[in-house]
Amino acid sequence: MRVDNRVLPLRRTPPYIAPRFTVECHLFSECDGSVVNCSENFDVIVIGGGHAGTEAALAAARMGKKTLLLSHNIETLGQMSCNPSIGGIGKGHLVKEVDALGGAMAAAADEAGIQFRILNSSKGPAVRATRVQADRMLYRQAIRRRLENQPNLWLFQQGVDDLTLEGECVTGVVTQLGIRFTARAVVLTAGTFLGGLAHVGSANFQAGRAGDPPSISLAARLREMKLPVGRLKTGTPPRIDGRSIDYSAVIEQPGDSPVPVFSFMGDAARHPRQLPCWMTHTNRHTHDIIRGGLDRSPLFTGVIEGTGPRYCPSIEDKVVRFSAKESHQIFLEPEGLGTHEVYPNGISTSLPFDMQVKLVQSIKGLENAHITRPGYAIEYDFFDPRALKSSLETKAIEGLFFAGQINGTTGYEEAAAQGLLAGINAARKTQDREAWCPRRDEAYLGVLVDDLVTRGVTEPYRMFTSRAEYRLQLREDNADLRLTGMGRELGVVDDVRWVSFEAKREAIVREQGRLKATWLNPNTSLNALPEADALRVLGKTIEHDYSLYELLRRPDVSYAALMTLPGAGECVADPVVAEQVEIQAKYHGYIERQKDEVARNAGYEDIRLPLDLDYTTVRGLSGEVQQKLNQFKPETAGQAARISGITPAAISLLLVHVKRGFSGQKKKKSA
Amino acid sequence: MENADTIAAVATPPGRGGIGVVRVSGNGIKSLVLKVIGYVPEPRYASLSKFFDEDGQVIDQGIALFFPAPHSYTGEDVLELQGHGGPAVMNLLLSSCLSAGARMAQPGEFTLRAYLNNKLDLAQAESVADIIDASTGEAARCAMRSLQGEFSNAVHIVVQALIDLRISVEASLDFSEEEIDHAHHVDVSHRLRGVQAHLEHVLASARQGSILREGIWIVLIGQPNVGKSSLLNLLAGEEAAIVTEIPGTTRDTIRRTIEIEGVPLHLLDTAGLRETDDAVEKMGIARTRSTLEKANFVLLVMDSRWGITPADQAILDSLPAGLPAIYVYNKIDLLDERSLAEVGEGGSEIYVSAITGAGIETLRQRLLEMAGWQPRSMGEGVFMARQRHLQALTTAREYLENAAELDRGAFQPELLAEELRLAQQALSAITGEFRADDLLGEIFSRFCIGK
């Protein structure tokens, strides 16, 4: 074999990247593309520059780990490949948590947001959620700037073909050019790129996202590793040129005023110019067109095998499954300030292109619409997340972490949340520290990962608030109070955020203390509450002494109204603090009750089950239970209890078995 | 391992015995002790105490024993209440402990806790798994039996109504942007009252349906000369002899009720079930046969010298298939020595003498066992299973009351949703788990969700 000793030029990507990255690589290569040895070692390598990959890379680098982010295409880092919006009910909760842990998503959304809304604003704080319409380009720029300015983070544009292993530990990756990088931990965030197959009508082609190549060789490699693989499907609508839309025929949907912010560090004054969204509807004619084209729909002709999400069906699915419904709403979402392109949310389709044109033009306001990009469905591989630990590390290969859509989830927010967690835990792996796995009662992050690793997925997994049994305590408004302290400990929260957070936390505690210590009484002694004021604010007079805090706990007494009572003293200046004090008071009883529930269930969470435990040796377990547990190897008794079909009795038997193991070991030691 | 909750169970086997014991275990159970007996007894001393129900009424008087952690069977605080045996008292005592904050123990749970708290050695622990395994199976079978017929249907109606309500409430929270008919305040109030009404109905019928009240139905087969009456009188013993004697629908059929340990046993005498050409008698027999449909098992009494007669066999063959049977061979006092030596104990065959009383105790226990009161220490019987179901229903009712209370105030759907979630969680003890994913599945199948 001829040895070619060229040095591969690894250039710093744009000039403002902080650390210098010069590597001697020796290419032992012919046209067969065999391996290049690269002397550069990293702590953490992240494969993929989508929402999971960027948060993973940023988090590991924030923790001081030397991190490499490998992407097919640096131009698409932080790309929103589906609809141009971030947040929503359940999803917004995740974004706030990522933000509370120093992540990029909320801040980037603040920089790129062109329409902000608080959903469920008429309902209680637990289900209120932020949703942002984002300018795709501004969002990409905001993410890119963060990546390029992040110390300890290197970017490199190369597809990854292979992972290198030593025994059952990952040691690094090999790129398409055969360049080898080493690291103790690798985070794979390959999104829909693994085995991607896009469909437009009967035409299909191998693809990652539209325009990007799929990672076929890596997919094949992972299949070889015998990681359990499944197939899912997702889709997008055709995009429309906004100049061809008749805006006078559609309904305007303005953003909220005052304009909300997403990040705890955000500032509404720094948002770009705001735009409205628009709404229109499909009609009977549209549905007739769709029904007429079903024989050419890959969904209905059986060409598409993957399972799509039930909550985000294609328009053909909606028309067939809910045939009685004569109209479906469509949101026309602007793609950005610098483009005319519009994303018609609600008509995701894989019908042939001629049908797409007809169906779009049958809709009110879109009669003359010009389609700029066809809609398509994409099928892709995902890995059964039950093969993961709750750190997102694979059980089979040490140091290999999976995050994002590859785990069967859908959505930028779900991806970002997993990426952040995987990045943190990959970094902790290189520090030989135990993984951080937030519990279900601590964060939506915990709910997300626990659902994935204990229940697996049967359709793309999306977050909803109803998935969180401790919903009342997992709110957007307290994401920082729940997580920023932990984030600081983990090393992902910087000084600026920490100082601001501490000030807020202290102000809340101070105001709560003041309200608890300020008493009103019904008599005409000191701090008496005049009857007229009592009736005005409380609706009735008080019959004995009450602290302001007790009065605030009443459902119909607001903080603002309470502060108008004589003797209530001066209210806090920061509305965020006032809001937090009020919410905590209102939910107090419920939160206490949920805490009891958490405490009742907590015992099992601390009982570790060895991953190499052979469940056929556990006395008394039924064959079915043994098989299930052997297949998925839960990490704790708590996880085992959440696997479907595992009974309390089976858990009792496990406890006995595990304990017997421990006392057996003790005996051996003392003997 | 720290267990946050307190468990309670009747520790003595149901059935005969002057004394019955209710045992409670948990970390920090003093407040429960105060509620149930009014004071905290001196540790490890037997104290004569009154036992109170949740309204402060005296249920019974007996011995209370308090074992503070860690010096107790389970290693946690343990309270033992020794009262007068018998199902009614034990049931009231247990209910009192439950309303004071305990939950019903899972099968084998006391032993499990003892083991986990290092109160059992390795050798003893070997048997823990077997106990859990065996008692779980038994409990599952009993739960199945408790959940049959009317009760099951009624529970199902409650659960379905609750799920329907939750679908609306949860959809209005997670999918408020969608074009679906969201739960209106009025609508929710109305449907919530519906769920509550269904639940009250189930609770009422479940209480009526308990074995304690209603007893079980036994088909009694036996020729006139085999000694049925003397046997039954002996069985009923000193507690209560024959309670009723109702003429049957035919001249010869008789229904009578005896009580053993307070459990009513209804005996359908099939002496009248014979071939006949008489039209009136035929109608009567048809009616008798329909009552047989609800029989729990068959009691066949024979003269041990003759065994099953062709007449007995004919009646047996005519009964619904799969009905369990107890074969009672009476008059063993009349057997010669050789035949007597062959008499064994076992299975469904019981040898008795109504004259000497031999074998009567065995028969009594077997009957109680068939009624769901099994004397084995590990199981809990249908009665306890039903008790468990009642507890689940009662807990669900509390959450629904909270929900109704909320509903009367300002509309706070997320709090309402929380109460409904907890109500459903309580009912899942009966119906099996119903997870968030199941709920979402229902929502997606009902509404067209998704942009």
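## Helix pairs in chain A

Helix axes here are lines fitted to C-alpha atoms over the stretch in contact, and the angle between two of them runs from 0 to 180 degrees between N-to-C directions. This is a predicted model, so keep that in mind throughout. With that settled, take helix α12 (residues 495–517) of chain A and helix α16 (residues 575–605) of chain A: they pack at an angle of about 55°, and their axes are 9 Å apart. That angle makes α12(A) oblique to α16(A), and the crossing of the two is right-handed. On the α12(A) side, the contact comes from Lys504(A), Ala507(A), Ile508(A), Glu511(A), Gln512(A) and Leu515(A). On the α16(A) side, it is Val576(A), Val577(A), Gln580(A) and Val581(A) that take part.

Now look at helix α2 (residues 91–100) of chain A, which packs with α9(A) at an angle of about 30°, again with axes 9 Å apart. Angles under 35 degrees count as roughly parallel, so α2(A) and α9(A) are roughly parallel to each other. Their crossing is left-handed. If you want to find the meeting point, look for Lys91(A), Leu94(A), Val95(A), Glu97(A) and Val98(A) in α2(A), which meet Glu413(A), Glu414(A), Ala416(A), Ala417(A) and Leu420(A) in α9(A).

## A glycine in α12(A)

Back in helix α12 of chain A, there's Gly513(A). Is Gly513(A) buried or exposed? Gly513(A) has 11 of them within 10 Å, so it is exposed. Gly513(A) also sits 8.7 Å from Tyr549(A), C-alpha to C-alpha, although the two are 36 residues apart in sequence.

In soluble globular proteins, nonpolar side chains tend to be buried together. Here, the largest nonpolar core has 159 residues, and the members touching the most others are Ile45(A), Ala56(A), Val186(A), Val187(A) and Phe401(A). Helix α9 (residues 412–430) of chain A gives the most to this core, with 10 residues.

Which residues does Phe401(A) touch, leaving aside those up to four places away in sequence? Its partners are Ala185(A), Val186(A), Val187(A), Leu188(A), Leu392(A), Glu393(A), Ala422(A), Asn425(A) and Ala426(A). There's also a second, separate core of 51 residues, and Ile29(B), Leu93(B), Ala102(B) and Ala114(B) are among its members.

## Chain B at a glance

Chain B holds 15 helices and 13 strands. Of its 451 residues, 43% count as buried. Taking the contacts in chain B with a separation of 6 or more, 67% are between residues 24 or more positions apart.

One helix to pick out is α15 (residues 436–446) of chain B, whose buried residues are Leu439(B), Leu440(B) and Ile443(B). Seen down the axis of α15(B), these buried residues fall within an arc of 100°, so they line one face of the helix. Asp438(B) and Ser445(B) are exposed, on the face of α15(B) turned away from its buried side.

## Where the chains meet

How many residues of chain B are in contact with chain A? There are 42 of them, in contact with 46 residues of chain A. On the side of chain B that touches chain A, at least two residues each come from α3 (109–116), α4 (122–146), α5 (149–174), α14 (413–431) and α15 of chain B. The helix that gives the most to that side is α4(B), with 8 residues.

Methods. Residues are numbered from 1 along each chain as its sequence is written. Chains are lettered from A and ligands numbered from 1 in the order in which they are written. This is a predicted model: local features need pLDDT of at least 70, side-chain atom pairs count only at pLDDT 80 or more; totals for chains, interfaces and linings use all residues. A nonpolar core is a set of buried Ala, Val, Leu, Ile, Met, Phe, Trp, Tyr and Cys residues joined through C-beta atoms within 7 Å. A residue is buried if 20 or more other C-beta atoms lie within 10 Å of its own, exposed if 12 or fewer, and partly exposed in between; C-beta atoms are placed from the backbone. Helices (H or I, at least four residues) and strands (E, at least two) are DSSP runs, numbered from the N terminus. Two residues are in contact if their C-beta atoms, placed from the backbone, lie within 7 Å. The arc is that of the directions from the helix axis to the C-beta atoms. Angles under 35 degrees count as roughly parallel, over 145 as roughly antiparallel, 65 to 115 as roughly perpendicular and the rest as oblique. A crossing is left-handed if the near helix is turned anticlockwise from the far one by less than a right angle, and right-handed if clockwise.
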